[in-house]
Amino acid sequence: MTIILTSLIFAALLGAILALIIGVAAKAFAVESDPRIETVTDMLPGANCGGCGYAGCADFAKAIVEGAASPSDCPVAPAGDSARIAEYLGITSEQKEKMVAVVRCSGSISVTVRSPYNGINDCRSAVLVAGGAKGCDYGCLGLASCARACPFDAIEIRDGLAVVHPELCVGCGKCVDICPKNLIVLVPASVDVHVYCNSPEKGSVKRKVCKTACIACRKCIKAADNAEQMTVKGFLIETNYDNPPLSDLVEKTGCPTTALRLASKHAAGEYDGVSK
Amino acid sequence: MADNILTITIGAILVNNFVLAKFLGICPFLGVSKKIKTALGMSGAVVFVMTLSSLVTSLIYKYVLSKTFTVAGTEINLTFLKILVFIVVIASLVQLVEIILQKFSPPLYQALGIFLPLITTNCAVLGAAELSVQAGYGVLESTIFGFCSALGFALALILFSSLREKLDLAQVPAPLKGTAIGLITAGILAMVFMGFSGLV
Amino acid sequence: MSNKPRKFKGGVHPNDSKALSASSPVQDAPLLEKYTVILHQNIGAPPELLVKKGDAVKKGALLAKASGFVSVPLHAPTSGTVTAIDKCPGPTGISVPSVEITADGEDEWGSPFEPMADWQNAEPADLKQRVWDAGVVGMGGAGFPSHVKLSPPPEKPIDTLILNGAECEPYLTADHRLMLEQAEEVVLGAAILARILGLKTAVIGVENNKLDAIEALKKVAANHNVTVQGLSVNYPQGAEKQLIYALTGREVPIGGLPMAVGCVVQNVASAVAVADAVVMGRPSIERITTVTGEPLVNPGNWRFRIGTPISKALELAGGVKVQPAKLLLGGPMMGFAQSSLDVTVMKNTSGILLIPAEQVSQYTSEPCIRCGKCVTCCPMDILPATISQAVENERFDLAAQLNVLACIECGSCSYVCPSHRPLNQHFKRAKAEIMAARRKQQNK
Amino acid sequence: MSEVETPTIKLPDPTLLIVSNSPHIRGGETISKIMVHVLVALAPAVAAAIYFFGLAALEVMLLCTFGCIAVEEIWNKCAGRKPTWKDGSAALTGLLLAMNLSAGAPWWICLLGALLAIGLGKQIFGGLGFNPFNPALVARVALLIGFPSFMTSWVAPQAGKFMACDALTGATPLGAQGAAVASLHDLFIGNVGGCLGETSAIALIIGGVYLLIKKLIKWQVPAAFIGTVVLISAVVHLVNPEMTQPPLYHILAGGLLIGAFFMATDMVTSPMTANGALIFGFGCGLITSVIRIWGGYPEGVSFSILFMNALTPLIDRSTIGKPFGYIRVKKESE
């Protein structure tokens, strides 16, 4: 019996002494942090894709808790999650419209003039060598920098051209900064009509190097319900995403170079190799 | 009984290196070896904890646990408390290191993350204390043993983290990237360390 | 100046194949009917256009004036009318704004300034203004405005003027012929530049594979207190930092300019342009270019006016016997590959080069076997192999740590690499990414 | 100069002109040339091995070499990569592996060695250029620890007789004690037991000199390696002769020569910088001597090279040195 007693006393004594030392140390070197950050981080998808503009989900959670960001900034989280986070922290979060990326170029290898390129198979490296050795200085090089950067594999390279699949795209925007030719823009998912050309050059110059370039013939503006739906920028026409045209505009216009396309059809490849 | 200091040192660092020969402390060895900076930080923490814990545990063992008291007429010997006492001492030492690190170098504290408190459960630390008791080392020898095996741990960890940083740039087949190739490299390293067997 | 030149570490020895065009004297290219002058021919801001379509211009008249301190004016290569302000393919592969002048055949001078006969005691500031007005840029290939080099800030005193006649790139013989045939103007140019910088003397560095040029220069160098120094034949001897180290033993700091170590380096062709501007009162509108390469019928050196299309230059050299693999502007080690014959000669076009298929470098980017050849040959003493692996894994932080910014892109490492890895392109990529990240950091 | 308008001036077709980054010309070096040169350097040692150990040696060499090539090609096919046997690195690893086996090694040891060398030693890290350890030595050490009996069944040399293939387990010079110690002459020409590549010193020296002349290896590695072994064995021999053999014996016996000239200088696994190579060689020499004199194994060359291979990334990091023009950066920009 005494052996149990003494060992108990001894263990208690040892525990007490060590606890004392640590207690003093804890007081002397105290540093505090907010516990809510962990819980919010767990509620986020955890893809660390940086779509919200922060280094990762933990960083984003810290920003939400400090009120610097709203839960709906996360493009990947389903609506339910961001609502739950907002309610947990007792703040309001407005719903954002789903955005989708689009590569504004239709210049695949079969329709463009390109010089043989020998070097690193990466857009950001190729652009440093004669602008990527493509006839058109503004066109997509198709060396898959954006496809590799997309955490959700929503971009496919087909015949030397990057094609975004709208149904897979989450709109995190990582591909937008990667493209050295700034061809990729985030557009509302609801808009399906886009002009797949980004070159401000004159129509005659574009036609020499690319069969599917937009030659600013303005047929789409005339065929549109009202002229504001398509904006004119020098020798290039663009969809006006604040007041977008309906999907039937593509048939009504009958674009001579098929630069005006439906995103869904473009992704499915119905325009490949088609050029008048 | 007490081998001389030289054999303990070479033995603990090279021949039966804690990580690569005795396979103790593998989880921090794999967890922290992604970058050399964190590996150095971890090695520093482990050397500090192992040396002190070997000293304190050997002192407690020598003057308390191995003695037999007569309390109220009955003979009492507390050696059975050995593991519990060792763990408590190590845990409090680690807690101490954690507090100091959080105060004085938060980036290292951030980098080590979960692996700092995990030193408590690091079998290398407890192993050092236990092995020195089994080998019947005195206080000085077991402290040196603790310190040298920590150095062995540090050597293996730094060597391994520099290898992993080089492999980080290698085109390792996708399924093997990260920890898998780390384990394979550690396996080959352990095989190489077997070359030192019989040295001491 | 030390009399014995130092040897810098590293460097490679490609066969210089200068024999193709070294013996053919410089010929004046005949007057063409149309010149397409590229507007932006200098490092720094592009000049501001003054003429518009339909204007008549004299030879040497001002087409565009400098738009800032680091910018130079542009002059008409011949007399005629401006027929188009449009874009034409540029040497870096992107189409650039250009002025098209249709010659009227008279080729009548209309230079905006008079010769300065008595330059020996003209004010250095006037001389420098003349260099700026004549639009003189570094003709070694960079195209850095010369007047900027000649006006170092007061806290950086200059004690050495170096003329770069190394011409270490294989195939090129433009500077070699220039030094042989116009030794007098080279030395004269050196003296004028020395006077602008307030120096008594200057040194001309020439590689020892051009002994006849060294002799020609030595004959006339004495009367303008200029010395000529032979240099070991070792590419990239002509790189600014290596040339300064060879002649003065000083090391230009990474990211720093030669003026940081009290030196100014000018190409021999720029010196001749300065001499022409001051003594003959002529703006910089022409340059000697080597048109060479095995596929060419008869390679040689011509004095082209700026704006001469490459197609015309190749016609002068008799066209090609066999289809070349590559057409380059500049030398084979640092030149730009072209994909169009409509690019026109600029002030810094030192060579028009055709590389046959069997000599061309095919980058197949096999894995690096860490043979260390690139480490030993790198003149900037950095680790090309490790940096290229870091870039392949998009680890630009590691590349910056390994001092990729010190790389002068001389191409020696890619030249010796047995795995044919595009090391030079990796470093160009790394520098672009690091600079972009720093710019983003600054304006955040 | 009137320009005669020759009718057929042919201009290059711009659409065929290749565009790439500079430089546009390159030296003649290729990986396969380097590997072929190293194989040529190994030829004298191969000839000596066949001369002393007969056709059994040739059989081991062929098995290992083609075993390695086969394993690499199978791996490439599974990984969906294009065949890489043309660069000759698999063949070289195979031959070096054979050099580490004894003539009496059974066929399955050779194939298992090939699998370990190429599979575990090289392809698992991503193929040529990424393996931190010398593949041939990984296989040798694995086999040595796995099958000690097979790996140490040395065949006594039958100079000139090709068909002799009975495995007499004569001890190797390093393991020999007392009377069985081989004479320096035998060691020099190779008339001693041991691995295929470890016996004839003269053949290895010829190969080593060929490599040095062709600048395929950094001279610092063999110089530091052999120098350190000589230094330590000389000192220990002076202090107490029974502990170890004299330095010259140490050089000619065992795997030191083939290790120093062919194994340690493998470009992929040794440091790239010159002083890094010196440290590497010194480390190899130190550990080899320690293992040979005090260690449990008679031969320490393989362990020392592998240990220094593990240190190579650390050596590379610390011997990078400052780039040209670094000295003034501290004053000016920081």
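In which sense do strands β4 and β7 of chain C pair, and over how many bridges? Strand β4 (residues 56-57) and strand β7 (residues 80-89) of chain C are antiparallel, with 2 bridges between them. This is a predicted model, in which local features need pLDDT of at least 70, side-chain atom pairs count only at pLDDT 80 or more, and totals for chains, interfaces and linings use all residues. Residues are numbered from 1 along each chain as its sequence is written, while chains are lettered from A and ligands numbered from 1 in the order in which they are written.

**Strands of chain C**
- Strands are DSSP runs of E with at least two residues, helices are runs of H or I with at least four, and both are numbered from the N terminus.
- Two strands pair if DSSP finds at least two bridges between them.
- Val57(C) has Gly80(C) in β7(C) as its bridge partner.
- β7(C) also pairs in the antiparallel sense with strand β8 (residues 95-103) of chain C, over 9 bridges.
- Opposite Ala84(C) in this pairing is Glu100(C) of β8(C).
- The hairpin of β7(C) and β8(C) has 5 residues between the strands, and Gly93(C) there takes a positive phi near 90°.

**Interface of chains C and D**
- Contact (C-beta atoms, placed from the backbone, within 7 Å) joins 66 residues of chain C to 45 residues of chain D.
- Elements of chain C that each supply at least two residues to this side include α9 (310-316), β17 (351-355) and α14 (423-442).
- The side of chain C that touches chain D has 36 nonpolar (Ala, Val, Leu, Ile, Met, Phe, Trp, Tyr, Cys and Pro), 8 charged (Asp, Glu, Lys and Arg) and 22 polar residues (the others, Gly among them).

**Interface of chains A and C**
- Here 12 residues of chain A and 13 residues of chain C take part.
- On the side of chain A, 5 residues are nonpolar, 5 polar and 2 charged.

Technical notes:
Contact = placed C-beta atoms within 7 Å.
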